[in-house]
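My plan is to look things up one by one and write down what I find.

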Amino acid sequence: MASRTSRDVLGRGLGVLRQAIREQPRIFTVAVVGSVLFGSMVIVSAYVVGGVVGDVVVPAIARGEVATGSLVLAATALFGISVLRVVGIFGRRLGAGYMQYRLQAAYRRRVTRRYLDLPLSWHHRNATGTLLSNANSDVEAAWYPIAPLPFAVGTLVMLVGAIVSLFATDWALALVGLAVFPALFTLNVVYSRRMAPRQARAQRLRAEVSGIAHESFDGALVVKTMGREAQETARFAGRAGELRDALIAVGRLRGVFDPLLETLPSLGTLAVLVVGAFRLRQGAISVTELVSVAFLFTVLAFPVRAIGWVLAELPRSVAGWDRVRRVLDATGEMPYGQRVLDPATPGPATLTFTDVHFSYPPAEAHQPGAQVLGEVGFTVPAGRTVALVGPTGAGKSTIASLAVRLVDPDTGVVTLNGVDMRELTAASLAGTVALVAQVPFVFDDTVRANIALDRPGIDDEDVWAALRLAEADGFVAALPDGLDTMVGERGTSLSGGQRQRLTLARALAGRPRLLVLDDATSAVDPRVEAAILAGLRSSAGAPGVPAASILVVAYRRATIALADEVIYVEQGRVIARGTHTELLATVPGYVDLVTAYEQAEVDRAQERPYEDEVAPLPSGLEIEVDR
Ligand SMILES: Nc1ncnc2c1ncn2[C@@H]1O[C@H](COP(=O)(O)OP(=O)(O)OP(=O)(O)O)[C@@H](O)[C@H]1O
Ligand SMILES: [Mg+2]
């Protein structure tokens, strides 16, 4: 079984190497030519050195005179060989480096491109950490053997050349070579086989150690406030100890095999000298030939190891390749249609859900997915604001995802102005709808870049207009560098409410015709939240302001009261719809929810006042808020 799997790995590893050569044939050729040039020069140099000893040194010792002509000739030859060797090494190294890093870059691009094409459902099933390591260390691991590959290929050619030249010299010496080189090769293979699992274990532990470190620093707040420092330290120390042991195991193996790999060629040289001296006395070979062959044995030992390096990297490469392929071969990207939504008549769009059913894909492929939405139907008329209200887990975020086509319904249809969303082009969809998600995401960039996102036609004036609408112009103007302020990783330099308003401004800057707010202002003072929504509604259509239909997931009375209609959902079904006042009068669950939430707000405000500035309520709002 074990040998079958390792043969399997060898076969598939060679497949990965073939793929690499197919993708970068020219650079590979350059590298291999360099390597073969180097290998040939190694063999030639052995014969030149042999020649110098036989034709210059021996006569000099015997007769006490130096054959200057031969010496100059040999020196020139050795110099020429050295130059060619340098050229060979240069070509090989450069080619191998280019090939490896080009492949890495190409596959990183392909993998990340694929992430963006794959649907949200795929992302739900795959952890962020995995995606990171797919694009990073798995791509790297897949192409690790590329670095020594040209050297190994050149070495194979060189070994064949060496055996042939040995046979041309003397059959007895050739037999020694036939015994030593395969033994060296086998020893390398055994070494690599033994090393591979130890290296893999060390690699895995390295990732785990840094994972633990990352987690405990990331969760430093929890660790500290919960008094978990000692446990976290112990957890880290435990894994770090395992890593130490794994690395020592690697070192121990190296300690055994490295001397063996060094010794074997020396033993070969010794055998050559013994056999050679015998053959010399028989008159079968000359001193020149004997020295050449002995020298050849010493210089061949190192290149043979390159073959071992490639073999050692193959298991890791295959594992990395499998994980990369899993991403590249993943299917299910959303097909887009050909239609553009009413380019001639821009303005708020009508959103309609008709008998929509939706289930998330199951965690295990063979299980059925649990249905999250059933028979959902409602309309957000053009230019109107509809609030989506329901207890936690009711399916509000799922409806929001469907409304901007992050996911498609299992059955039923979601339309914009009567057009099935699936028929729209990607660009038309992106230009028409905008979602401000429950969890805001801010890029580690300037405020301006976070809002404009490099979309064409959004200048500073548009950015400010969007910020004003999102009630964010005040705090942005107060930032040290205004729009040029860097907000830090994930917007760490901003408060939660400020982050939310930046992402809202980002959505508004694109002038969507349908705006979906998924609890997008939960961290903002309730009065600011209401002011934002009131502003969006009242100023719709003014210059620089999107005239959008709005679907808003909300809890707060003040916010809900601003909506033209409220849709109340429970357990994935629309339970009731009507105005806020109507629902308060007729739906007990709705009353409970809104009241409970309000009480929580009061408690929270007493415990910790909102950190965000409080904007004055728009006039006329107080009356509605009370009911
Ligand atoms: N990626 C997912 N995979 C599987 N099930 C999911 C996924 N996301 C949500 N669900 C399930 O779907 C149901 C609806 O979730 P959803 O996020 O739409 O609720 P919600 O109304 O937005 O809740 P909340 O008010 O807490 O944000 C829940 O039962 C939830 O467990
Ligand atoms: Mg939600």
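**Entry 1**

I started with Arg239, which counts as partly exposed at 27% relative accessibility. I note that the model is a predicted one. Next I looked up Glu242, also partly exposed, with a relative accessible area of 34%. The side chains of Arg239 and Glu242 meet in a salt bridge, 3.6 Å from N to O. How far apart are Arg239 and Glu242 in helix α9? They are 3 residues apart, so about one helical turn separates them.

I reminded myself of the general idea. Side chains of opposite charge can pair when their charged atoms come close.

**Entry 1: other salt bridges**

How many salt bridges does the structure hold? I wrote down 23.

I picked Arg405 next. It forms a salt bridge with Asp408, and the closest N and O atoms are 2.7 Å apart. Is Arg405 buried or exposed? Arg405 counts as buried, because its relative accessibility is 4% and the cut-off for buried is under 20%. Asp408 counts as partly exposed at 22%.

Then I looked at Asp484. Its partner is Arg448, with 2.6 Å between the closest N and O atoms. This pair links distant parts of the chain, 36 residues apart. Asp484 sits in the loop between α15 (473-478) and α16 (496-509). Arg448 sits in helix α13. Asp484 is partly exposed at 43% relative accessibility, and Arg448 is partly exposed at 25%.

I also found a network. Salt bridges that share partners join Glu208, Arg239 and Glu242. So the pair from my opening entry belongs to this network, because Arg239 and Glu242 are both among its members.

**Entry 2: the magnesium ion**

Which protein atoms are donors of the magnesium ion, ligand 2? I found Ser397 (OG) and Gln438 (OE1), lying 1.9 to 2.4 Å from the ion. These two residues link distant parts of the chain, 41 residues apart. Ser397 is in helix α11 (residues 396-403). Gln438 is in the loop between β6 (433-436) and α13 (447-452).

Ser397 is partly exposed, with a relative accessible area of 28%. Gln438 is partly exposed too, at 37%.

**Entry 3: nonpolar cores**

I turned to the largest nonpolar core, which has 63 residues. Which of its residues touch the most other members? I listed Tyr107, Val111, Trp143, Ile146, Phe181, Val272 and Phe297. Several elements give two or more residues to this core, among them α1 (2-23), α3 (68-117) and α9 (229-282). The largest share comes from α10, with 15 residues.

I noted a second, separate core of 53 residues. It includes Ala387, Val436, Ala520 and Ala558.

I went back to Val272 for its contacts. I left aside its neighbours within four places in sequence. Val272 is in contact with Leu173, Val176, Ala277, Leu290, Val293, Ala294 and Phe297.

The general rule is worth a line here. In soluble globular proteins, nonpolar side chains tend to be buried together.

Which residues make the nonpolar surface patch of about 420 Å²? They are Phe167, Trp171, Leu175 and Leu178. Helix α7 (residues 171-218) gives the most to the patch, with 3 residues. Trp171 is found in helix α7. Trp171 counts as exposed because its relative accessibility is 52%, and exposed means over 50%.

**Entry 4: positive phi angles and a threonine**

Phi of Glu375 is near 50 degrees, a positive value in a residue other than glycine. Glu375 is in strand β2 (residues 371-380). Phi of Glu471 is near 55 degrees, again positive in a residue other than glycine. Glu471 is in the loop between α14 (460-469) and α15. Glu471 counts as partly exposed at 24% relative accessibility.

My last stop was Thr415. Where is Thr415? It is in strand β4 (residues 411-416). Thr415 counts as buried at 11% relative accessibility. Not counting residues up to four places away in sequence, Thr415 touches Thr350, Leu351, Thr352, Asp420 and Met421.

Note on methods: Residues numbered from 1 in each chain as written. Chains lettered and ligands numbered in written order. Predicted model: local features only at pLDDT ≥ 70, side-chain atom pairs only at ≥ 80, totals over all residues. Heavy atoms only, no water. Patch = residues over 30% accessible without salt bridge, like charges linked within 9 Å, V, L, I, M, F, W, Y side chains within 5 Å. Areas by Shrake-Rupley, 256 points an atom, 1.4 Å probe, with all protein chains shown as cover. Salt bridge = Lys/Arg side-chain N within 4 Å of Asp/Glu carboxyl O. Helix = DSSP H or I, 4+ residues; strand = E, 2+ residues; numbered from the N terminus. Buried < 20%, exposed > 50% of the residue type's maximum accessible area, 1.4 Å probe, protein only. Core = buried A, V, L, I, M, F, W, Y, C linked by side-chain atoms within 4.5 Å. Contact = heavy atoms within 4.5 Å. Donors = N, O, S within 2.8 Å, 3.2 Å for Na, K, Ca; no water.
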